[in-house]
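Visitor: Pick one part of this model and take me through it slowly, please. I'd like to see how it sits among its neighbours.

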Amino acid sequence: MALLKVYQPLPRFPALSLSGTACELQCRHCTATYLAGMRSVATPEALLAAGRRLRERGALGALLSGGSTREGALLNLKPLAGAIQRLKAETGLLLNLHPGLLDAETAMALAGAIDFASLEIPATETAQRIFGLRATTADYRAAYERLRAAGIEVATTSVGTPTASKGRANPGWRSGAGRPGHSSEWAFVPPGAASRARC
Ligand code: SF4
């Protein structure tokens, strides 16, 4: 039997920004606007203090998000990986991660600490024209594989322009759906409105 768990962000599953209000990418979605609504946890001390407070107040978990590097990775994720491990060990909070284009080393450093990752899989056109990256859909697929290799569950959102997707899933990504341990969410969003929930 399939089990669907739904978590309401506030007050018991808030979004935390690992980069504060900083974003190197400043993409066309939000130019860092949405980071202002997240609690800043840009240092190990701030992250651990926020986690302890959340635990004391009965929180279930937290979304670890933030701005992006110019290459599309979550800014500050790599240097905070050790603190994220401590956060999990000390608080037991459910941790959902917006990883972006993380590398294999970072994915492995987060193994056992992250309960699930939420990863957008944009069409190449969207990644380049809207996010301002050189990355392609294949690069996001590689990030997905790195997360899975680290034992992290991944929920994906496919974001594409009508011209890129032609009303169907990204062609290079279709084989990813239905894998064991994989949950998938598909969305097709017009240009300009795409992925406001990205960070
Ligand atoms: S959507 Fe993410 S990458 Fe784009 S500007 Fe906002 S914080 Fe930066």
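**A helix and the strand before it**

Guide: Helices here are DSSP runs of H or I with at least four residues, strands are runs of E with at least two, and both are numbered from the N terminus. Keep in mind that this is a predicted model, where local features need pLDDT of at least 70 and side-chain atom pairs count only at pLDDT 80 or more, while totals for chains, interfaces and linings use all residues. Residue numbers start from 1 along each chain as its sequence is written.

Now back into H2 itself. Its buried residues are Ile84, Leu87 and Thr91. Viewed down the helix axis, they fall within an arc of 60°, so they line one face of H2; the arc is taken over the directions from the axis to the C-beta atoms. The general rule behind that kind of spacing is that an α-helix has 3.6 residues a turn, so residues three or four places apart point the same way. "Buried" means 20 or more other C-beta atoms within 10 Å of the residue's own, "exposed" means 12 or fewer, and "partly exposed" is in between, with C-beta atoms placed from the backbone. Turned away from the buried side, H2 shows exposed Ala89 and Glu90. The cover over the buried residues includes helix H1 (44-56) and strand S3, going by contacts, that is, C-beta atoms placed from the backbone and lying within 7 Å.

So what about S3? S3 pairs in parallel with S1 (residues 15-17) over 3 bridges, pairing here requiring at least two DSSP bridges, and Leu64 is the bridge partner of Leu16. S3 also runs parallel to S4 (residues 94-97), joined by 4 bridges, with Gly61 opposite Leu94. From S3 the chain crosses through H2 (residues 81-91) to S4 in a right-handed β-α-β crossover: with the strands pointing away from you, the path from the first strand over the helix to the second runs clockwise.

Zooming out, the protein has 6 helices and 7 strands, and 40% of its 199 residues count as buried.

Methods
Contact = placed C-beta atoms within 7 Å.
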